[in-house]
Amino acid sequence: MKAKSFIATLLTATLMASGAFAANLAIVSGDTGNGREFLRKQLDRFEKETGNKVSIVAMPANSSDNFGQYRLWLAAGNTDIDVYRTDVIWAPQLADQFLDLKTAAKDVIDQHIPSIIESQTVDGKLVALPMFTDAPALYYRKDLLEKYKKPVPKTWDEMAATAKEIQDGERAAGNKSIYGYVFQANAYEGLTCNALEWVKSSGGGQIVEPDGTISINNPDAATAIDRAKGWVDTISPKGVLAYTEEEARGIWQTGNSVFMRNWPYAYALGGSNDSAVKGKFDVASLPSGKEGQSSAATLGGWNLAVSKYSKSPEEAIKLVLFLGSAEQQKERAIALASMPTIKALYDDKDIAAAQPLIPNWKPVFENAVPRPSAPTKVKYNEVSNLFWSAVHDTLSGNGTAAENLELLEAKLTELQGGSW
């Protein structure tokens, strides 16, 4: 018996050393651009270092669709998914379904931008570890602004006027496909981000204020949304009502737009060899609603959470720590222009040389505005859905902004009930 026990122990040790007992992990990814291809390279390196295997569960880039699917999987106690890639706004809503990473990440937490760690902490629990942060900017064709002797616009009205003048001039010169401005106006979370920027930069508040007050029904907010309605089918294609990030980038990168609102990922892709705008564009802070008003850029970013239903939680946590590490964030910044959450990387010479926009993105982050997920807690997704629906109705010509915001206020008040 002792000999058999010794042989069994030896066999177990051999199997473990050979990786036979390694974990099979799955990570969900709704990447844009070539992000999923890049993630696969990082996962290949993790597999080599640990002996674990990691498969990617591909999802659409539409974050609203992802959130709905996540909730279904987690409510069902799905054990097939170990690591979820989560939007910055989801922590309060999904906290109960994820493991607390605070102890595992205790040695690296202080390396990250404090406000981002704070956004992923719910009731003292670190729900997710930051992977990269995000804030959008105004992409502009510097060659066309120079050609028409126009400055980078500071206000939305100035942007629209410049866009129209250059659009008309270029069409008269033979480019019938060019538009002045492309953005994200489909009825999804991306429209919440865009519209929050219009409203906040016009003095119209943040939909729901940090103290929980519903503020969206006001004249400044209505003016901002009606202004955007005027872009549809003039400086923007009528089809913009169905655009997400990738549709906007598609128009921009083929050289068919003067301006674009998008996230940092589009910068690296716009500079690729097959891009029609390579070397012809730059970025600036988004315009403000009126002279003297601050710009506003919706705070974005993606994080990594471990499902409490994972069959291999320890190995899943190792994967999260690996992908969120300084080394992997640096590589992602250089390859994809993704904004690091680790403070020291903004002074990294390699990153600055490869992606000069990253250290220059600081003014954008200084004007970043959070979506009202903290005050509305588990009801945020419904708040956002109601908001983007009201905005989309306005942009589509179904009622004025004032009418739709009055209805929105009533719906939000009903949703709020006694408290958020």
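Axes here are lines fitted to C-alpha atoms, for helices over the stretch in contact, and angles between them run from 0 to 180 degrees between N-to-C directions. The model on screen is predicted.

**Stop 1: α18 and α19**

Select residues 380–395, which form helix α18, and residues 401–416, which form helix α19. Their axes come within 9 Å and cross at roughly 165 degrees. Angles over 145 degrees count as roughly antiparallel, and α18 and α19 are therefore roughly antiparallel to each other. The crossing of α18 past α19 is right-handed.

Now show side chains. On α18, the contact is made by E382, V383, L386, F387, A390, D393 and T394.

**Stop 2: α2 and α13**

Move to helix α2, residues 35–50, and helix α13, residues 326–336. Here the axes come within 11 Å and the crossing angle is roughly 150 degrees. That makes α2 roughly antiparallel to α13. α2 passes α13 in a right-handed crossing.

From α2, select G35, F38, L39, Q42 and R45; from α13, select Q328, E331, R332, A335 and L336. These are the residues that make the contact. The contact of α2 with α13 divides into four nonpolar, three polar and three charged residues.

**Stop 3: the largest cavity**

How many cavities of 30 Å³ or more does the structure hold? There are two.

Start with the largest, which has about 40 Å³ of space. To outline it, select V88, I116, P130, F132, T133, L299, G300, G301, W302, N303 and T341. Two elements each give two or more residues to this lining: β6 (129–134) and β12 (300–306). Which of the elements gives the most to the lining? That is β12, with four residues. By class, the lining of the largest cavity has six nonpolar and five polar residues, with no charged ones.

Conventions. Residues numbered from 1 in each chain as written. Predicted model: local features only at pLDDT ≥ 70, side-chain atom pairs only at ≥ 80, totals over all residues. Heavy atoms only, no water. Parallel < 35°, antiparallel > 145°, perpendicular 65-115°, else oblique. Left-handed = near helix turned anticlockwise from the far one by under 90°. Contact = heavy atoms within 4.5 Å. Nonpolar A, V, L, I, M, F, W, Y, C, P; charged D, E, K, R; others polar. 1 Å grid on protein atoms, 1.4 Å probe; cavity = no way out; pocket = protein on both sides within 12 Å on 5 of 7 lines; lining within 4 Å. Points joined across faces, edges and corners; volume = space filled by probe spheres on them.
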